[in-house]
Amino acid sequence: MSTLELDPVIDDPATRIVVCCGSGGVGKTTTSAALALRAAERGRRVVVLTIDPARRLAQALGLDELSNEPSAVPGTSLDAMMLDMRRTFDEMVHAHSTPDRAAKIIANPFYQTISTSFSGTQEYMAMEKLGQLCARGEWDLIVVDTPPSRSALDFLDAPQRMSTFLDGRMIRLLSSPARAGGAGLRKLIGAGFGLFAKGVSTILGGQMLADASAFVQAFDTMFGGFRERATKTYELLRSPGTAFLVVAAPEPDALREAAYFVDRLAGEKMPLAGLVLNRTHPVLAPLSAARARTAAENAGSSRLAAAVLRLHADRVDLAEREERLLARFSGAHPTVPVVRVPAVAADIADLDGLREVGERLAAAPEPPPAGSVHQLR
């Protein structure tokens with residue numbers, strides 16, 4: 001297992017995009033912000049795109065709130081923003097339509113449902129916003145925090161899934177009046193559509209079916225733009241200037257998801273920088289758990305000493321468990337570099353807290369020699 005060194009990644013001017021991905025709750029957002037701040041303070045012009053961060057992260061960056069447009073982090077060359085899914089979708093509609101047509105689309109109830117709750121919309125809009133930031137050319141490094149979703153792979157699939165939905169059979173049937181020049185549904189495709197429409201109306205309700213049909217007719221000219229942008233986004237993610245960081249916690253589910261994601265990235269030929277193993281618990285003293293517990297039993301009247309020894313023993317047990325989990329991951333993925341990031345004691349409350357996380361990300365402590373924890377017994 002090799003050690004992942006992150007400073008060379010963020011210092012390299014050829015690296016233009018860093019994508020932090022992984023399952024939910026593993027610290028992707030904090031990792032993204034800390035890495036972006038470190039890159040900015042090492043001379044890059046950086047923007048970090050976060051997805052639904054806790055309010056305390058905005059406060060840690062010295063901002064009252066994060067919006068859909070980049071805001072300067074005081075005293076740094078870092079800009080930060082939070083994805084507004086609906087607003088980004090609206091921007092895309094305006095960019096690919098006339099003002100009148102855009103107004104009709106945005107006012108349509110079916111559009112309002114899709115733009116806020118359709119499966120994959122958030123992931124698609126994260127990639128859309130990434131494309132917008134790249135096109136502006138104001139930053140030499142963009143750090144992306146991928147959406148929290150059931151599967152860390154969703155954002156890779158989202159552009160194609162959205163494009164497929166908007167160009168799928170149901171949508172083509174709904175849009176057929178516009179494509180037939182107003183000749184009428186029944187004349188175009190016969191009684192088959194009547195059965196289809198009746199079934200959809202039963203599921204969606206007549207008004208929603210009418211809204212959906214009106215939406216698709218207005219949206220029809222934008223289908224090609226969706227497919228084109230999905231293709232560009234995918235190629236952007238595969239480009240040599242992109243570096244993926246898979247973020248995981250030392251827990252079975254998180255590492256299992258990380259392993260699946262590593263395999264998927266390899267299959268898609270996307271550039272993987274390595275694994276960030278967050279919130280690890282390194283052993284702080286060369287004393288085995290067994291010896292610590294024995295010493296605690298013999299501590300006599302010194303309750304404090306006994307308590308400290310037992311805490312150390314628990315820490316050793318935890319460190320051993322984490323090493324076993326990581327060894328299992330590395331056994332299946334021996335070429336993936338890894339950096340262990342020790343857990344921070346308190347919540348991140350300010351830029352100094354983010355700097356501390358950044359230092360831990362870059363410190364890349366050497367892994368313990370094989371079997372060393374057991375040898376201390």
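This is a predicted model: local features need pLDDT of at least 70, side-chain atom pairs count only at pLDDT 80 or more; totals for chains, interfaces and linings use all residues.
Close-up 1. Buried means under 20% relative accessible area, exposed over 50%, partly exposed in between (1.4 Å probe, protein chains only). Helices (H or I, at least four residues) and strands (E, at least two) are DSSP runs, numbered from the N terminus. Asp-84 caps the N-terminal end of H4, with a side-chain oxygen 3.3 Å from the backbone nitrogen of Arg-86. Residues are numbered from 1 along each chain as its sequence is written, and side-chain values use heavy atoms, without hydrogens and water. Local features need pLDDT of at least 70, side-chain atom pairs count only at pLDDT 80 or more, and totals for chains, interfaces and linings use all residues.

**Close-up 2. Strand E8 beside E7.** E8 covers residues 338–342; four of the five are buried, so the rest of the structure largely encloses this strand. Strand E7 (residues 272–280) pairs with E8 in the parallel sense, over five bridges. Strands pair if DSSP finds at least two bridges between them. Val-276 has Val-339 in E8 as its bridge partner.

**Close-up 3. Salt bridge between Glu-251 and Arg-321.** Their side chains meet at 3.0 Å, N to O. Glu-251 lies in the loop between strand E6 (242–248) and helix H15 (252–267), and Arg-321 in helix H17 (residues 303–332), so the pair ties together parts 70 residues apart in sequence. A salt bridge puts a side-chain nitrogen of Lys or Arg within 4 Å of a carboxyl oxygen of Asp or Glu. Glu-251 is partly exposed at 39% relative accessibility; Arg-321 is partly exposed at 29%.

Notes: A polar contact is a pair of N or O atoms within 3.5 Å; within protein, one must be able to donate a hydrogen and the other to accept it, and residues adjacent in sequence count only if both atoms are side-chain atoms.
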